[in-house]
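Take a walk through this structure, one stop at a time. Keep the sequence beside you as you go.

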Amino acid sequence: MFPPPPSLLALAAATALLYLTTPPVECCPASDRDSLLAFRSSLNEPFLGIFDSWKGADCCSGWYGVSCNPTTLRVSDVNLRGESEDPIFYKSGRSGYMTGSIHPAICRLDRLTTLVLADWKGISGEIPACVTSLSSLRILDLVGNRISGSIPASIGNLDRLTVLNLADNQISGQIPSSMVKMSSLKHLDLRGNEISGQIPSDIGELSMLSRALLGHNRLTGAIPRSIASIYRLADLDLSTNQISGCIPEEIGQMRVLSTLNLDGNRLSGKIPRSLLSSPGLGILNLSRNGLEGSIPDAFGPGSYFMALDLSNNRLTGKVPGTLGSARYIGHLDVSHNKLCGHIPEGEPFQRMESSSFLHNDCLCGNPLSSC
Ligand SMILES: *[C@@H]1O[C@H](CO)[C@@H](O)[C@H](O)[C@H]1NC(C)=O
């Protein structure tokens, strides 16, 4: 046999070489993989071994918590939760714990839509300011860690963000004024941090917002009137801050507001009538403020309160008679005020405990002692 001509040999060799060096088509770009590995390098997860799966060339397959866009094969989600139903948690018999910090390399994943690093309890350091350049980001959830520093000033650049959850960390500083530019924001949770300063007066610009949870911080100043113009707002929690001034009357006219927690502040003035006659409000907590005047006699068949807590204020006058005409009052608490006179008779007062009425000036009648 003659040996094959050299040109054929060269072709075979070239084909083999091509086959060996061209990566498989379905694979994440090396740059995304490198960014993930740099991100991982500043985190330490000692108990579950979730990062053991972060190996091999293709970060789009089998890397715990990583997903890619099926068309572009760019990394779209980094979703790492320290409390979840994933079997990896059953196997180790514990919830997650992770220390370290958020490496700015995460910002090189410029197609990221979801960044979740939630409930790891020990992740510290600051939120890298560059996350505000992740223009596709829709979910940023860092709840339940030890993250400190302030919210990046240019957070408002994230105009596609729908969920911003930074609750239960050690974040300080003020709410950046740019935040009102986050025009897609639906769910804002900053509870349980050390955030100070005032709520931006133009917060009403966040027209998509349905939950604004700012409780347990160090916020001061008044409740901005513009809040009442957020049409979709269903849940507003400003509890346990140092908020002062009056409760804007307009809040009682909000169409879908169902939970309003303003307890534990320095609110003064009277309780707006509109709050008690609002047909949608089901949970109202105004406890532990400096509210004065009488409780508006404004309840009616539209009032449906699962919880109505007006305790620990300086309310005077009677327990309003119209309370009896409310469609439903679950838990009522008017204790620790300066109320006086007969507690009205009939449902819903029949099934209430005396503790709901204790520590007032001169309340009497069932369930307290007779007048
Ligand atoms: C209202 O808030 C106070 C604390 O500020 C809390 O102790 C109380 O349980 C709350 N009331 C209801 C009905 O949840």
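Start at the ligand. In this predicted model, Ser239, Asp263, Gly264, Asn285, Ser287, Arg288, Ala307, Asp309 and His331 surround the ligand. What classes of residue make up the shell around the ligand? It has 5 polar, 3 charged and 1 nonpolar.

In soluble globular proteins, nonpolar side chains tend to be buried together. Here the largest nonpolar core has 91 residues, and Val75, Leu117, Leu142 and Leu166 touch the most other members. Several elements each supply at least two residues of this core, among them helix H2 (30-41), strand S3 (75-81), strand S18 (304-309) and strand S20 (328-333). Look at valine 75. Beyond its neighbours within four places in sequence, its contacts include Cys28, Leu36, Val66 and Leu112. Asp32 and Arg111 are also in contact with valine 75.

S1 pairs with strand S4 (residues 98-101) in the antiparallel sense, over 2 bridges. Asparagine 44 faces threonine 99 in S4.

Finish with some backbone details. Histidine 216 lies in the loop between S11 and strand S12 (218-220). Its phi is positive, near 55 degrees. Histidine 216 counts as buried because 20 other C-beta atoms lie within 10 Å. Asparagine 312, in the loop between S18 and strand S19 (316-317), has a positive phi near 60 degrees. Last, the peptide bond from asparagine 366 to proline 367 is cis.

Definitions and conventions: Residues are numbered from 1 along each chain as its sequence is written. This is a predicted model: local features need pLDDT of at least 70, side-chain atom pairs count only at pLDDT 80 or more; totals for chains, interfaces and linings use all residues. A nonpolar core is a set of buried Ala, Val, Leu, Ile, Met, Phe, Trp, Tyr and Cys residues joined through C-beta atoms within 7 Å. A residue is buried if 20 or more other C-beta atoms lie within 10 Å of its own, exposed if 12 or fewer, and partly exposed in between; C-beta atoms are placed from the backbone. Helices (H or I, at least four residues) and strands (E, at least two) are DSSP runs, numbered from the N terminus. Two residues are in contact if their C-beta atoms, placed from the backbone, lie within 7 Å. A residue is near a molecule or strand if its C-beta atom, placed from the backbone, lies within 6 Å of it. Ala, Val, Leu, Ile, Met, Phe, Trp, Tyr, Cys and Pro count as nonpolar, Asp, Glu, Lys and Arg as charged, and the others, Gly among them, as polar. Two strands pair if DSSP finds at least two bridges between them.
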